[in-house]
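This report covers a protein model, its nonpolar cores and some backbone features. The structure comes first.

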Amino acid sequence: MNCPRDWPEPIIRVQSLSDSGIHTIPERYVKPPEARPTALVSSLDDNANIPLIDLGGLHDDALRESTLRYVSDACREWGFFQVVNHGVRPELMDQAREVWREFFHEPMEVKQGYANSPTTYEGYGSRLGVEKGAILDWSDYYFLHYLPINLRDFNKWPSLPNSLREVIGEYSGQVVRLGGVLLKILSINLGLEQVFLQNAFGGDDVGACLRVNFYPKCPQPDLTLGLSPHSDPGGLTFLLPDQEVPGLQVRRGEGWITVKPAPHAFIVNIGDQIQVLSNAIYKSVEHRVIVNSGHERVSLAYFYNPKSDLLIQPAKELVKPDRPALYPAMTFDEYRLYIRTKGPKGKSQLGESLNSPK
């Protein structure tokens, strides 16, 4: 499957639409009735939230076992959880979010200098997938690579604001360290050697990339979404949410719950590659983003992924006579290319891509 070199239609920046003062959104952003934010209402009460876990318990002998259990339960039952006392400095988290907010408020000619294409997605973008005539999401974004080092190109990292490259470099290093910690925890909880998942990801040679999401004000938020329902194709995702404006919704049963971010917490979710490696003991969970008529929203999603050319398949230790391997082997590159071509397509993308001809 070859990825086109350019987008099928001229790119329109959603921020420009929002700033123009329009009162109705273009048809290209209007979701069908069954896919609108109000189509499915959760049966859970308004206080429902994903689990919140204090990772400080890992360093306390009296709390370590219970902390591991909380992570295990969250991976099995939710696919999502929040972590605090994770080792990333709170001040750095705030700085990382705000330098990107500043970037999205730079003049359009500055941002356009980093316009992206479907071949790598790296840079300033406004759509996912290359299907001509597709219904689009109400968001702009910036995507960049951190690891492997040979893909790290600082010329593709914005030079404005002046502090962005330094702040995001430090932030990236701390989030990648946290990714290694979480992989050890997941390996232990699966009954595997603690280095199993890290080795399956490529050891020190993993992939790490950042997608910064900018959701402008929307005059008709009930008709569209900032990001369509999907599960993340990679390994683990560390989301730094907007503390002031909720927007992430997680599938729970037949409905959705809106995640309420804890101060200076990361929202962590299981990606499709962990579902494959765990033979579906841990499941990646569908999620989406709603938008707001009164406030813009900025979030940073850091993806901690396997080395792109390694075969990913269920761990043999987790394949039993009564639980055969549920997925064939596939490289992350093959899987990611399918997702990038199709765009976000709900949870069904996992089965569709793994069963599609190569």
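Helices (H or I, at least four residues) and strands (E, at least two) are DSSP runs, numbered from the N terminus. The model is predicted: local features need pLDDT of at least 70, side-chain atom pairs count only at pLDDT 80 or more, and totals for chains, interfaces and linings use all residues. Residues are numbered from 1 along each chain as its sequence is written, and side-chain values use heavy atoms, with hydrogens and water left out.

## Gly-235

Gly-235 sits in the loop between β6 (227-230) and β7 (236-240). Its relative accessible area is 0%, so Gly-235 is buried (under 20% relative accessible area; exposed is over 50%, partly exposed in between; 1.4 Å probe, protein chains only).

Beyond its neighbours within four places in sequence, Gly-235 is in contact (heavy atoms within 4.5 Å) with residues including Phe-201, Asn-269, Tyr-304 and Pro-306.

## Nonpolar cores

A nonpolar core is a set of buried Ala, Val, Leu, Ile, Met, Phe, Trp, Tyr and Cys residues joined through side-chain atoms within 4.5 Å. The largest has 64 residues, and those with the most contacts inside it are Trp-100, Tyr-171, Leu-186, Phe-238 and Phe-266. Helix α5 (residues 164-189) gives the most to this core, 11 residues. Another core, of 19 residues, lies apart from it and includes Trp-78 and Phe-303.

## Backbone features

Cis peptide bonds join Leu-147 to Pro-148, with omega about 0°, and Leu-160 to Pro-161, with omega about -5°. Pro-148 is in the loop between β4 (140-147) and α5, and Pro-161 is in the loop between β4 and α5.

Asn-279 has a positive phi, near 55°, and is buried at 0% relative accessibility.
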